[in-house]
Amino acid sequence: MPLTIDVWFDYICPFSVMARKIITETVGDEDVHVRWRPYELHPEGIPATGKKDYPDGVWENSVLPMGERFGIAFRADPPSPLPHTGRALRGFDFAQRHGAGLAYNDRLFEAHLGEHRDIGDPAVLAALVGEIGLDAEAFDAQLASAADLDRYRQEQREAAAIHRIHTVPTVTVGPWRTEGVPDAGRLAQALDFLSSRAAAQTRSATRARPATPHTRAA
């Protein structure tokens, strides 16, 4: 059974983009499943402080230099104001069900961080969905359903209560956990250790399994 990397993300977070690049490059061709899990940082659309933009200095002092280090070119100016990402994050489920989860993520990150489009606007979101070949009407229909809203709210509650998520990106592999952009070397070590442990457990279980007795035919 392949290992699973769980990654909680939000479309307003440029560090989630960096995490994806690190994870993709570290995993390579290994038999590892990456599960992307939406987590809405600011359900009301803005931080609790009431500030509608990225924190002072974080873009020029952290986002831009880290992006350059990882080979990701962000615009010199950050998007403003911060959008309400709940609808966009709910839409990931629709895209995932139609085999376009990663394409959806790529398009929304680029729309927000690269093009400064308001991904909280339903019309903008529907247009972006159409651009990646999905049915915008079916997309809107799912997001209009009470059942989908209940599903999303339950996932958000479980993320906070069960998985203790409070920031993005948060990356876990079994018991291994990191908050923020993962270090590639440490992630690789965690994957190697957990893969070796799983293989050893499989071998141990195989040796411990009693042999099936052979019965001579009458």
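## Worked exercises: loops and a helix pair

R164 sits in the loop between α7 and β3. Before we dig in: this is a predicted model, where local features need pLDDT of at least 70, side-chain atom pairs count only at pLDDT 80 or more, and totals for chains, interfaces and linings use all residues. Residues are numbered from 1 along each chain as its sequence is written, and side-chain values use heavy atoms, leaving out hydrogens and water.

**Exercise 1. Work out the phi of R164 and say whether R164 is buried or exposed.**

Step 1: R164 isn't a glycine, yet its phi is positive, about 60°.

Step 2: Now the cut-offs: buried is under 20% relative accessible area, exposed is over 50%, and partly exposed is in between (1.4 Å probe, protein chains only).

Step 3: R164 has 53% relative accessibility, so it counts as exposed.

**Exercise 2. Do the like for H116.**

Step 1: Find H116 in the loop between α4 (101-114) and α5.

Step 2: Its phi is positive too, about 55°, although H116 is not a glycine.

Step 3: With a relative accessible area of 25%, H116 is partly exposed.

**Exercise 3. Describe how α5 and α6 meet.**

Step 1: Helices here are DSSP runs (H or I, at least four residues), strands likewise (E, at least two), numbered from the N terminus.

Step 2: The axes of α5 (residues 122-131) and α6 (residues 136-144) come within 9 Å and cross at roughly 130°. Axes are lines fitted to C-alpha atoms, for helices over the stretch in contact, with angles from 0 to 180 degrees between N-to-C directions.

Step 3: Contact means heavy atoms within 4.5 Å. On α5 the contact is made by L125, A126 and V129; on α6, by A136, F139 and D140.

**Exercise 4. Which residues of α6 are buried, and what do they pack against?**

Step 1: The buried ones are F139, Q142 and L143.

Step 2: Seen down the α6 axis, they fall within an arc of 95°, so they line one face of the helix. That arc is of the directions from the helix axis to the C-beta atoms.

Step 3: E137 and A144, on the other side of α6, are exposed.

Step 4: The packing partners of the buried residues are α3, α4, α5 and α7.
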